[in-house]
Amino acid sequence: MLTNLARADGSTCPINVVSCQNTSGVDSCCVETPGGQLVQTQFWDFKPSTGPVDSWTVHGLFPDHCDGTFDSNCDPSREYPNIRNVLIENGKEELVQWMDEFWVDIRGNNDQFWSHEWNKHGTCMSTIAPSCLPDGSPQGLDAAVYFRRIADTFQGLPTYDFLAAAGIEPHPTKTHTLDELLSAIKAAHGFIPALNCRNGSLNEIYYYFHLKGTVTSGDLLPFDAPKRGSCPNNGIKYPPKAG
């Protein structure tokens, strides 16, 4: 079967296949489907605050359908109650240390947060299903690949630095227009994200991608957000994180 061949020899997958683009008939080990619109989400938690004062933090990576709808908790057999242990067992101790700083639960329960993100979203990733991984892969390799990919993607999207490069830094009272914020990020990233606000303050960002190839080794292809977030057009605060 193609799945097993793809598992043993990546050359069985079509070259340059991109999620949400002409994927009919392509094995789900070779292209993310049906969740081919990937959304890397980040938080700016300021009260209570999480993470470093000069960095946003990770929310997750969502495999939305190409029309923006999504599945969740796709495969109970792939759920893990303790992601920390899964990652450590797969040799990702340094990744776990990084996650404890940059992937932080606002209520202080990082382990529960990570398991929630994997069980809800990670189990919907088709190209890292166990049947798509090499024979003899250790249990939990699918999750290890997922979390490593999210960390790498987040590190390539330093939202704090994108805004700071345009002179936009956290301030207790200063406000910004939506256009100012989006223009600053587009100038650095090249594409327009979606921005969400909470009580008039900037709180979350969505970066959109298609994926050429697999989660394990493919390339993320950014594109403009297909819809705007919840932030208003004017009067947006970007508060500093509380101590």
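## A right-handed disulfide to start with

The torsion about the S-S bond of C74 and C124 is about 90°, so this disulfide is right-handed. It connects distant parts of the chain: C74 sits in the loop between strand 2 (57–64) and helix 2 (83–89), while C124 sits in the loop between helix 4 and helix 5, 50 residues apart. The S to S distance here is 1.9 Å, and a pair of cysteine sulfur atoms counts as a disulfide when they are within 2.5 Å. If the word is new to you, a disulfide is a covalent bond between the sulfur atoms of two cysteines.

How exposed are the two ends? C74 counts as partly exposed, at 36% relative accessibility, whereas C124 is buried, with a relative accessible area of 10%. For these labels, buried means under 20% relative accessible area, exposed means over 50%, and partly exposed is in between (1.4 Å probe, protein chains only).

## What you're looking at

This is a predicted model, in which local features need pLDDT of at least 70 and side-chain atom pairs count only at pLDDT 80 or more, while totals for chains, interfaces and linings use all residues. Residues are numbered from 1 along each chain as its sequence is written, and side-chain values use heavy atoms, with hydrogens and water left out.

## The other disulfides

How many disulfides does a search of the whole structure find? It turns up 5. If you count the bonded cysteines along the chain, they pair up in the pattern 1-4, 2-5, 3-8, 6-7, 9-10.

One of them joins C13 to C30, with an S to S distance of 2.1 Å. The torsion about the S-S bond of C13 and C30 is about -75°, so this disulfide is left-handed. Both cysteines lie in the loop between helix 1 (2–8) and strand 1 (37–43), 17 residues apart. C13 and C30 are both buried.

Another one joins C29 to C132, with 2.0 Å from S to S. C29 lies in the loop between helix 1 and strand 1 and C132 in the loop between helix 4 (110–120) and helix 5 (141–155), so the pair ties together parts that are 103 residues apart in sequence. About the S-S bond of C29 and C132 the torsion is about -80°, so this disulfide is left-handed too. Both C29 and C132 are buried.

## The overall fold

The chain has 7 helices and 7 strands. These are DSSP runs numbered from the N terminus, with helices being H or I of at least four residues and strands being E of at least two.

With 243 residues, a compact globule would have a radius of gyration near 18 Å, and the chain has 18 Å, which agrees. That radius is taken over C-alpha atoms, and the globule rule is 2.2 Å times the number of residues to the power 0.38. Along the principal axes, the C-alpha atoms fill a box of roughly 60 × 40 × 25 Å. Of the 243 residues, 50% count as buried.

Now for contacts, which means heavy atoms within 4.5 Å. Among contacts with a separation of 6 or more, 71% are between residues 24 or more positions apart.

## Helix 4 and its cover

Which residues of helix 4 are buried? They are N110, F113, W114, S115, E117, W118 and N119. The cover over these buried residues includes strand 1, strand 2, helix 2, helix 3 (93–102) and helix 5.

Look for F209 in strand 5 (residues 201–212). F209 is buried, with a relative accessible area of 5%. Leaving aside neighbours within four places in sequence, its contacts include G36, Q37, L38 and Q40, as well as T153, L157 and H189. L220, L221, P222 and F223 touch F209 too. By C-alpha atoms, F209 and G235 are separated by 29 Å, though they are 26 residues apart along the chain.

N196 has its place in strand 4 (residues 194–198). At 15% relative accessibility, N196 counts as buried. Not counting residues up to four places away in sequence, N196 touches S201, L202, N203, E204, Y206, G229, S230 and C231.
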